[in-house]
Amino acid sequence: MANEVIFKNLDLDRLWDIEQYRSRGGYEVLTKILKEKTPPGEIIDGMKTSGLRGRGGAGFPTGLKWSFINREAPTDKYLVCNSDEGEPGTFKDRDILRYNPHALVEGMLIASYVINAHRAYNYIRGEFWEPYQRFQNAIDQARAAGFVGNNILGSGFDCELNVHLGGGAYVCGEETALLESIEGKKGQPRYKPPFPAHVGLYGCPTVINNTETLASVPTILRDGAEKFRDLGVENSGGSKLFSISGHVKNPGVFELPMGTPFSELFELAGGMRDGSKIKAVIPGGSSSPVIPGEVMMDLTMDYDTIAKAGSMLGSGAVIVMDDTTCMVKVLDRMGYFYYEESCGQCTPCREGTGWLYRIVHRIENGQGRPEDIDLLMDVQNRIRGKTICALGDAAAMPVAGMLRYYQDEFQYHIDHKRCMVGADA
Amino acid sequence: MSEEKTITIEVDGQSLETKLGALLIDVTDAAGINIPRFCYHNKLSIAASCRMCLVEVAKVPKPIPACATQVMDGMVVQTRSPMALAAQKSTMEFLLINHPLDCPVCDQGGECELQDVAVGYGSDATRFVEGKRVVPENNVGPLIATDMTRCIHCTRCVRFGDEVAGMREIGATGRGEHMTIGTFVARNVDSELSGNVIDLCPVGALTSKPFQYRARAWELTRHTGVAPHDSVGSNIQIHTRRNEVMRVHPDSNDSINEIWISDRDRFSYEGIKSEDRLAQPLIKKNGEWTAASWEDALEAAASGLKEIATADAEQVGTLISPTATLEEIALAQKITEGLGSPNIDYRLRQEDFRGNSTAVPWLGQSIASLEHVNAALLIGSNIRKDQPLLAHRVRKAALNGAKIQFINPLQLDLHFDAAQMVSDPAGMVHNLAAIAEAAGGSHHLTEQIEVGEEHKAIAAELKDSESAVILLGNIAQSHPDYTILYGLASVIAKATDSSVGVIPVAANSVGAAVLGAIPDHGLNAHTMLESPRKGYLLLGVEPGRDTNNPALACAALKNAECVVAVTAYRSPCLEETANVMLPMSAFSETSGSFVNAEGTWQSFAGTTTPAGESRPGWKILRVLGNLFDIQGFDYNSSEELLGELKESHAGGLKITSLGAAKGKIRSVVTGLIRVGETPIYASDALVRRAVSLQKTKDARDATVARVNLSVASNAGLSDGDKVAVVQGEGRAEMILKVDAHIPDGCVWVPAGVPGSESLGDQFGELSLEKV
Amino acid sequence: MNALEIKNRDELFTPEIRAEIDHEIAKYPEGESQSASMAALRIIQDVNGGSLTQERMDEVAAYLDLPPIAIYEVATFYSMYEHKPVGRNKLCVCTNISCMINNSDQIVEHLNNKLGIKFGEVTEDGRYSLKEVECLGACGGAPMMQVGQKYYENLTPEKLDSILDELE
C-alpha cells in the first residue's frame, strides 16, 4: 500500500521531467478542469471528501481552507506553497521538489484555478538550492508546454508561477511569517485575525498550503477523492510522507497510508541500527512531545492516535532515539534551536526561549539547581498559549514532554552533575 | 454600516455599551478599566506583541490581547481573572528578566510605564539567575539619548517612524533575543518629529539628550503652554524646576497637535538660557553700549522716539515679530498710534505688498479638517519643515488617497506621495496662471501663458475633488509676486470650487493680522526700510535674521537717529544699529496669547521668572506708553488687556481675497535668482539659539548654498567649492553644494542663518563668485 | 557617519547584476519590488565574496527605493546573510537533533582540528570558514553539511577529508 500518491512514479527514470510525469497521466486533471471549466465548488467538494488535511503539521482540512476564499473579491488572490521545510526531523518536501516537482506545479495550478489566483508563489527555503533548481526547471517545462502563463491551454485562465527563496529562518514556515517574507520583510508572524484567507499576501485573500498537500491534489482528483480517503483512517484521510531519521538503519522518506502502525514504518526503516534498543521517539518533528519507544510501538500513525498519546503527528517527522541517548542533551539542543529561531517579536517567546535554553544548558553542563525542574515546567507553561504564533508552543511542548517521561534523567544531572545514561549501566 | 451598531459587552461584571468592532482596550480605557499595555498606542498601528494586555474572554480557551480584539455583542471579558492575571504576570516576568532594572540611574525613573506596571504585576524577587542581555549603543544624533539595554521591544518608536514621521529610520534588526531596536548603523535620526519617540518609549531606552541626567520627573512642575514657533500653536507642557525650564513635552489637543509636537517646539527651550540673553537694559553712548537702569533706559527710549515723533510722526516706524504675543502687539500698536505714526507691520519676511493688506492670512479651515481633503495644491510651501504638524495632517490625507500637488522653487523631500512642479520663482507664477486658465478662470496677466497637460491635470484634479484646498506657504509669502500668486490661487479656487488659504508663517501671524498690526495708509515692513525712518521701535525683531532684506534693514536702522529694540537677545545687527536695548522676557517667562493658523485664540501663563533684569514685553510697552503720556495704558495684568482685545477682535475669521492677480511679474530676472528659504531651525530668535537643534542635520544642511549641476557647470563651479553669494553690496561666503533639488536659474541660499545678514531679498537676483 | 550619497539607480552595480535583480523584481506585482529584497541581498552577497557590508546594503536599499533600515532588518533577520567575511568555502554544519544523535559533534571536532578554526572563524588562507546551522531538512542523511549550493550527507571524518580536498 506504500507509494500510492506522491511517490507513485518513483520507479521511473528522470521522473522529474515533464515527459515522464505526463506518461503517467500528469497534467491530465488540470487539462480536464480547464477544458471543462469545472466549477471550483465541485473541486472543493472533492477535496473535502478526500479528507486531505494540511501536511505541514497543523492538519487543517484543505478543502475547507480553499472554500474560505471569496473568488469574486475585487482584489487579486494569491496561492502560496510552503516549501520552507525546517522543522527538525522533516525532510519530505525536499524529496517532492527533487523527485516529483510536476505534481506540485500541477497541484498549485489547480488550487490557483479554484481560488481564482493569477499569481502563485512557492516559498522554498534558501538552503534548498538543488531542489529549487529542480522545481524551477519543472516550472519552465510546464510553461513551455502551455500550463503556466497567460491563457493556459486556451482556457482564458492566467496563472504565473514563481519561486521565492527563503533566507534561513525557521519561523518563516509559519504561514503569516512566510507572507511577510515574500513581501521582502523580516519573517515575523502576523497577529490573527485577520486570517490570510481575507488579508494575506499584499493584503489580498491568500491560501497557503504545504508542498505535500498541493502535490497530493492531482492524484486525488484524478484517482478519486474517495479512493484517497479510503487509503487512510477515520479523520486522517489518505496517505502521508513520513520522514524517519535518528538511530534507525535506513532513514528516509516513506509514503504510507494514514493509520499505518508505527512498527511497520519502523520496520521499513530497517529497525534500530547496530542492534541497539529503542528508547524514545519524537513522532511529528521536534516540536512534538517525545514518546517512549515501547509506547510508540503500539501506536498507529494518524492524527487522533498520536494526539491521544499526548503528542502530535505534525509533519510526520519521526526521530528515533536509542538507549544511549541523553535526553537532557537532546532537550538542550532543541532548546537552543527555538532560542535561535524565535523571531523576537513577542515577549514570552523572545525572552522565554532563551530562558528555557539556558536552564537546560546549565543542567546539561552540571550546573543544575534543585529548583530547576519546577522552574522549567513553570517557564514553559508561561510561554504556552500566550504568543502570536505557534513557535512559542513549539518551544514549550518538548520541555513538558521530556519532563513527563524523563524527569529522572534531569534530576540525575542536577544531583550528580553528570549524565545518567551509561553512568552505571 | 454594521460598524456603527451599538452593542453591549460585559467586562469584569460591568455592562458596557459600545460600537461593534471597537477595540476592546479602547472600550475598557473609556470605561476607566485599566488593562496594562506596552506596545499598544492609540495613535499607532496594532502590534499585539508585548502580550501585556492578555485578558480572558469567555469561550476562548487562551488569553487574548485586548489591543487586538474587536468587541462583539455579548462578549464576556475578565481582565483580572486567574487566567488573565497569570498571563499578565507571566509577561511581566519575561519583560523584566533581561531588563537592567537600573531605575536609580535611569532618566525615565518615576515616569516609566514598565516601573508602574511592575508595581502591580511584578514579583519581588527574580527567578532568573542567568546573565542579562546587554545591547551596544549607536549614537542617533543630538536630540535622542539611547540606552537600548533597557528596551522592551514594544516597537512603538519603529511604528511611529513608519506611520507618523513618515521616515523609517529606526527599525528592529536581528532576531529573537538578539533583536535590537535602533538605526543598526551609527546614523542620526533626522525626522523633524523625532522627539516624539521619547514620549512614546515606555521605558528609559529613548530619552531626551538635552535633558539627560538633568532632573527627576518628580522634581518637575508642569505648566501648560503654547509652542512659540510655527502657526500650529501646538499645546505643550513646560516642565520647570526651581525657576528653570527643564524640558518641554506635548500636551494633547486632538484638534490642534493631537499628541505630537515638532522637535522645534520640544527642544527650542534651550535658547532661553543662551549666552546672548540680554540681562539688563543697555544704552549706546558714544558708540559704546553701557548698562543702564530701567528708568534711564526707558527714559532714553521714550525721549528719543518722542523727539522724532514730535517733529514728524511719519518718521517713526514699528516692526513687530510675528512671534510676539497679542498683548505685546496691541500695546505696540497703541504706542505707534499714540505717537501719531501709521507705520507698523509684522510681515517682516514679505516683499510683495501690492494686495489688500487687511485680509487676514489664515488657513481658511480647521487644522484637523486638513486631513480630510481629497486634493490639495500647495503653493510655495516647504510644509514639512515649515509647519511639521500641518504637514502631518496633509500626509494623513495623502495616505487616504488625497492628491497633493506642490508648486515650488525647489524639489522637496517629502514623507508622502505628492506631485511636485518645480521651477524658478517666475515659473511658479506662470504655472499657476496656466492652471487658472486650464480651470477656466482668467488670470489678468499680460504675459503669454502656455497651458500644458500637467496644468490641465491639476485643474481637473481640483475640480473633481469633493473637498480641495489651495494653500500658500512660507515661501509664497516671501515671493516677489506673492500678491499675484494669491490672486491666481483665488481664481483657481473659484473655478474649481476649492477653498483657498494661507499657511501663516509664525506662532502669532494670525494674531497680528487680527489686531490689524499693519499700516493704514502708512509704510509697510518693506517700505519702512526702503524709505528709511528716523526712529524705529523693534519688538522682538532681529533685523539681520528676521527680515526679507536684511541688508536693507540693517542699513536703514544704522542711519536712523533712534532705534529702540525691545528684545530678549543681543545680536550683532542690533548692537550695531540700535540705540537702546530693553531686555524682554523670552519664551516661558511671560504670559500672553497667540492666534494659530485656524484662528484659535490660546493663552498661556508665565512659568519662570524672566532672566536677569528682563521684563515681560507687555510690561515694558505699558511703561513706555505711560512715558509717552498716551492714554489707556493702565493695565494691571495681561489678562485685563486680553479681555479688551477679545471684546473688540474675537470672532470667526473670514476668507478675504488679497485682490486680483494684476501687475508686473517681479520675479523675472536676467541672471540667477535666490531661493531664500528660511530653514526650520533659523525661523526665529529662540530656535536659532537652541544648541541641540543647531546640531541636527536640518540645521547643518542650511549652512550651504545649493545649485543644480547645470547651474554649477555654467558658472564653472563644482560641489564643495567655496563661493561668494553676491546680492548688491551684500556678500556671503558659503560652501557650494550641487543638489538636483534646485531648479535651473536658481541658487538656494537660506535666510535667517549666520552669514545671511548682509544679503538682500530672499527671492532677489544674485551672482556667484568662486572664492 | 552620514548616509551614503546615493548615485543614480543605473550607476549602481553592473548591468548583469541589475538585470539579475530586475528579473527577481519582475516576479512580483507592480509596486511590490520590496519583495525582491531577499533575492537582491543574496545576489549582492554572492558577488561580494559571500558577505555583506553596510555600503552594499545601502546600495540594495537605494536600488529598491527602500529606507536602508528596511534592508538592515532583512539582512540581519535571515541567517544566510553574512556580516563578516567568510571563507571561499563556507562549511555549514548541521548540529540539530537528528545530526547530533548521529555524531555531528565528531564531524565538528574533526573540522576544528583539521582546519584549526571554530564556528564563526575563517582559515588564514581564506579557503574555509565554519558555521553552525540549524536543521537543513536532510535528516535522513545525518550528519550533514552544506557548502555553497550543495548538500553533503552521511558524513564521516574520512568522507570529510576527501570533500575538503575537492573544495578549492
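Hi everyone, and a quick word on bookkeeping before we start. Residues are numbered from 1 along each chain as its sequence is written, and chains are lettered from A and ligands numbered from 1 in the order in which they are written. Because the model is predicted, local features need pLDDT of at least 70 and side-chain atom pairs count only at pLDDT 80 or more, while totals for chains, interfaces and linings use all residues; side-chain values use heavy atoms, with hydrogens and water left out.

Let's meet chain A. Its secondary structure comes to 17 helices and 11 strands; these are DSSP runs numbered from the N terminus, with helices being H or I of at least four residues and strands being E of at least two. Chain A has a radius of gyration of 22 Å, close to the 22 Å that the globule rule gives for 425 residues, so it is as compact as a globular protein of that length. That radius is taken over C-alpha atoms, and the rule is 2.2 Å times the number of residues to the power 0.38. The C-alpha trace of chain A spans about 75 × 45 × 35 Å along its principal axes.

Now chain B. Here we have 24 helices and 32 strands, and the C-alpha trace spans about 90 × 65 × 55 Å along its principal axes. A compact globule of 771 residues would have a radius of gyration near 28 Å, and chain B agrees, with 28 Å.

So where do chains A and C meet? On this interface, 56 residues of chain A are in contact with 38 residues of chain C, where contact means heavy atoms within 4.5 Å. The size of an interface is often given as the accessible area lost when the parts come together. Chains A and C bury about 3800 Å² between them, and carbon and sulfur atoms give 54% of that. Buried area, by the way, is the accessible area (1.4 Å probe) that two parts lose on being put together, summed over both. On the chain A side, Glu127(A), Lys186(A) and Arg333(A) supply 17% of the area that chain A buries against chain C, more than any other three residues.

Which charged side chains pair up across this interface? One example is Asp105(C) with Lys329(A), in a salt bridge at 2.8 Å, N to O. The count between chains A and C is three salt bridges, each being a side-chain nitrogen of Lys or Arg within 4 Å of a carboxyl oxygen of Asp or Glu. There are also 24 residue pairs in polar contact, both at pLDDT 80 or more. A polar contact is a pair of N or O atoms within 3.5 Å; within protein, one must be able to donate a hydrogen and the other to accept it, and residues adjacent in sequence count only if both atoms are side-chain atoms.

Which element of chain A gives the most to the side that touches chain C? It is α14(A), with eight residues. By class, that side has 24 nonpolar, 17 polar and 15 charged residues. Here Ala, Val, Leu, Ile, Met, Phe, Trp, Tyr, Cys and Pro count as nonpolar, Asp, Glu, Lys and Arg as charged, and the others, Gly among them, as polar.

Next, chains B and C. In this case 15 residues of chain B are in contact with 17 residues of chain C, and about 1300 Å² is buried, 52% of it on carbon and sulfur atoms. Three arginines stand out: Arg168(B), Arg175(B) and Arg187(B) supply 47% of the area that chain B buries against chain C, more than any other three residues. Arg187(B) also meets Asp58(C) in a salt bridge at 3.0 Å, N to O.

Last stop: inside chain B.
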